There are 2 protein chains.
Amino acid sequence: MNYSRQRESIKEYLMSTKEHPTADIIYQHVREEYPKISLGTVYRNLTLLVEVGEVRKISTGDGTEHYDADTSAHSHYYCRCCHRVMDLEITPSVDQILAASSAGLGTVESANLLFTGVCKECMESQN
Amino acid sequence: MNYSRQRESIKEYLMSTKEHPTADIIYQHVREEYPKISLGTVYRNLTLLVEVGEVRKISTGDGTEHYDADTSAHSHYYCRCCHRVMDLEITPSVDQILAASSAGLGTVESANLLFTGVCKECMESQN
DNA sequence: TTAAAAATAGTAATAATTACTATTTTTAGT
DNA sequence: ACTAAAAATAGTAATTATTACTATTTTTAA
């Protein structure tokens with residue numbers, strides 16, 4: 001994998017935010033630095049970065065994928081109302097991961113725990 | 001929500017399988033009983049059933065959603081090679097769920113733990 | 001039995017993502 | 001620095017999953 005400024009910019013933006021943005025949001029931001037970048041480039045690089053483990057993909061089921069440059073073990077909280085993804089410090093316990101990998105299933109490359117609910121802000125604006 | 005034979009057939013098929021099928025697979029199966037059912041009907045009913053809590057949606061990030069009529073607390077193992085979703089008996093611990101709901105985030109309606117890796121069968125066929 | 005409400009089939013539309021290709025950028029060796 | 005091969009890009013077209021729309025059919029409750 002060769003260096004590319006566009007990929008660096010994508011990484012930089014992702015590392016600077018805690019928003020767990022979608023490909024399109026990332027595109028909009030990177031466009032400020034590289035106005036000619038194409039959405040395909042964003043997608044291709046996100047896929048690459050996920051493959052080499054520098055970025056995490058978060059699937060909430062809301063119709064589009066979210067991305068996170070924080071690859072440390074942590075979980076997420078998804079609000080089905082405002083569609084935001086927030087960090088949680090808790091992580092799947094080692095017990096659980098071991099139970100899975102020793103269950104004879106195969107390799108376990110990642111374990112993601114996703115909580116879904118309605119966040120405080122959304123409840124206050126009574127949706 | 002009124003009764004419909006198509007919705008019953010969807011539920012019936014989902015309850016009969018452990019395959020965690022996608023909307024399209026469900027469509028193909030229900031079509032054997034109701035050849036005129038449309039894919040839109042499958043989608044609409046799946047969305048409804050998820051809303052009332054009779055069906056679980058499983059987002060693996062493989063480009064399409066998977067569905068499961070087993071709503072008991074359990075986790076899943078996803079093989080990124082053959083794209084199958086398998087059941088795991090382990091569930092997110094009560095501690096984790098409480099930690100999340102008491103973290104002042106909002107309501108916690110569901111907690112899903114998803115393991116991803118390469119399953120035994122796929123490793124044997126050396127992919 | 002009947003009329004209102006809900007659901008359906010069939011089709012069109014949308015939105016996210018991937019594929020393709022000619023051009024540009026990066027890299028490794030000179 | 002110079003250059004050729006390899007990799008990456010922009011721009012666009014194509015694909016795929018999902019949703020929206022509408023005229024017709026089914027379900028339900030009186």
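Which helix gives the most to the surface near DNA strand C?

The model is predicted, so local features need pLDDT of at least 70 and side-chain atom pairs pLDDT 80 or more, while totals for chains, interfaces and linings use all residues. Residues are numbered from 1 along each chain as its sequence is written, chains are lettered from A and ligands numbered from 1 in the order in which they are written, and side-chain values use heavy atoms, without hydrogens and water.

**Chains A and B.** Select both chains. Chain A superposes on chain B by a rotation of 180° with 0.0 Å of shift along the axis, at RMSD 0.0 Å (least squares on C-alpha atoms of residues with pLDDT of at least 70 in both). The two copies are thus related as by a two-fold rotation axis. Of the contact residues of chain A (heavy atoms within 4.5 Å), 100% recur in chain B, and the same surface serves both copies. Next, select A:L113: its C-alpha, at 2.0 Å, comes closest to the rotation axis among the residues of chain A.

**Helices.** Select α3(B), which gives the most to this surface, with three residues (helices are DSSP runs of H or I, at least four residues, numbered from the N terminus).

**Phosphate oxygens.** Select A:Y43, where an N or O atom of the side chain is 2.4 Å from a phosphate oxygen of DNA strand C. At B:N2, a polar backbone atom is 3.0 Å from a phosphate oxygen.

Methods. Polar contact = N/O pair within 3.5 Å; in protein donor to acceptor, adjacent residues only side chain to side chain. Helix = DSSP H or I, 4+ residues; strand = E, 2+ residues; numbered from the N terminus.
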